[in-house]
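Subject: Structure handover

Hi,

Here is the structure for you to look over. My notes follow below it.

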Amino acid sequence: MNIETSAIGTLVVILVMAVVTLATRWGGIFVMSFVPIGRRVQNFISAMSGSVLVALVAPLAVNGDSGARLALLATAATMLLLKKPLPAIAAGIVAAALFRQFF
Amino acid sequence: MTSNAARAYELDRHELWSGFKQLLPISLFVVVFGLAFGLAATQSGLDGTSIVIMSTLVFAGASQFAALDLWGTQVPLIPLAITVFAVNARHLLMGATLYPWLRHLPPARRYGMMLVVTDASWAMSMQAFGRGESGMGLLFGGGIALWLAWILGSWLGLHFGSAIHDPMSLGLDMVMGCFMLAMAIGGQKSLRMLAIWTVAAGSSLLAYRYLPENSHVVVGALAGGLLGAIWMEKKP
């Protein structure tokens, strides 16, 4: 089904995107309200919360350019040393920018 | 996660404001992201009002960029809806991970807070909850800060987007990746977590290569979660 991107058409497309996205924002807590939270479920949830982050970053590290890899490396090193996220993120961005400037 | 996981946290105005302020530095990056989106959307043929409406109602950057790939004089609605769902499916997992803390809130407030849930505020609030503190302010106040930053950025992109010629050369494409990595490293570290991360990263990469597009986050997160459910943390 194709929608013409006239004024109304565009609005319809945006509304569909908004409803789908809202369903993802609400779906997780809605489903969980039917799941009894025992120890195993709690372990599943806490393991999953770290795993979301790792699963997002892994393809960046493997498939990204050298600038991307250097950025992640700089962030990891700074985070381990200083344990503060903002300097760690800044280090990563600066590393990527500098690398891409010169290579 | 310990037995105090179920502790009830309330959200007061002070905490909301504090969470808002704590996410302001990241919000600056989000403004630049939004700027890049506003520019890209203009180039894809969207009009200014639609761009601002989209950023306000959808508020999910990666999926909005993905939508631009499908944009033309006609938009295929079902493929678009599937793409948006796949890119945003990680919200489902975020909601599930927040549920143990949000379940004590009245439903209206619980679902109200989830309106603005997004990667950065979720990660910060999960860290706070993990430390035994309340992450409610970070989640809602921080979410509002990021939402406003996204709208502002998109609007700026319409008018001044051409000022940034190449966001990649400035390293701006790495903001979210570096943020996520910093959050992951700032979390709990143990042999068990290392094993979980390895499984999550490995299955995410396999899914990235062999499964349909945009499935890798969900696959990796579920695989890591499953290992966590089998190899449980020792009782506190």
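Ring pairs tie B:Phe37, B:Phe65 and B:Trp150 together as a cluster. Counted over all chains, the structure has seven aromatic pairs. Please keep in mind that this is a predicted model.

Next, the interface. Chain B brings 93 residues to the contact, and chain A brings 66 residues. About 7100 Å² is buried between chain B and chain A. Carbon and sulfur atoms give 76% of that area. There is one salt bridge between chain B and chain A. It joins the side chains of A:Arg100 and B:Asp173, at 2.8 Å from N to O. Polar contacts between chain B and chain A come to 18 residue pairs, with both residues at pLDDT 80 or more. On the side of chain B that touches chain A, 61 residues are nonpolar, 22 are polar and ten are charged.

Then the largest pocket. How much space lies in it? About 1500 Å³. Its lining is made up of 49 residues. Nearest the centre of the largest pocket are A:Leu60, B:Phe33, B:Ala62, B:Asp173 and B:Met176. By class, the lining of the largest pocket divides into 33 nonpolar, nine polar and seven charged residues.

Best wishes

Methods
Residues are numbered from 1 along each chain as its sequence is written. Chains are lettered from A and ligands numbered from 1 in the order in which they are written. This is a predicted model: local features need pLDDT of at least 70, side-chain atom pairs count only at pLDDT 80 or more; totals for chains, interfaces and linings use all residues. Side-chain values use heavy atoms; hydrogens and water are left out. On a 1 Å grid over the protein atoms alone, a cavity is a set of points where a 1.4 Å probe fits but cannot get out, and a pocket is an open set with protein on both sides within 12 Å along at least five of seven lines; lining residues have an atom within 4 Å of a point. Grid points are joined across faces, edges and corners, and a volume is the space filled by probe spheres set on the points. Ala, Val, Leu, Ile, Met, Phe, Trp, Tyr, Cys and Pro count as nonpolar, Asp, Glu, Lys and Arg as charged, and the others, Gly among them, as polar. Contact means heavy atoms within 4.5 Å. Buried area is the accessible area (1.4 Å probe) that two parts lose on being put together, summed over both. A salt bridge is a side-chain nitrogen of Lys or Arg within 4 Å of a carboxyl oxygen of Asp or Glu. A polar contact is a pair of N or O atoms within 3.5 Å; within protein, one must be able to donate a hydrogen and the other to accept it, and residues adjacent in sequence count only if both atoms are side-chain atoms. Rings of Phe, Tyr and Trp (its six-membered ring) pair if their centres lie within 6.5 Å; planes under 30 degrees apart count as stacked, over 60 as edge-to-face and the rest as tilted.
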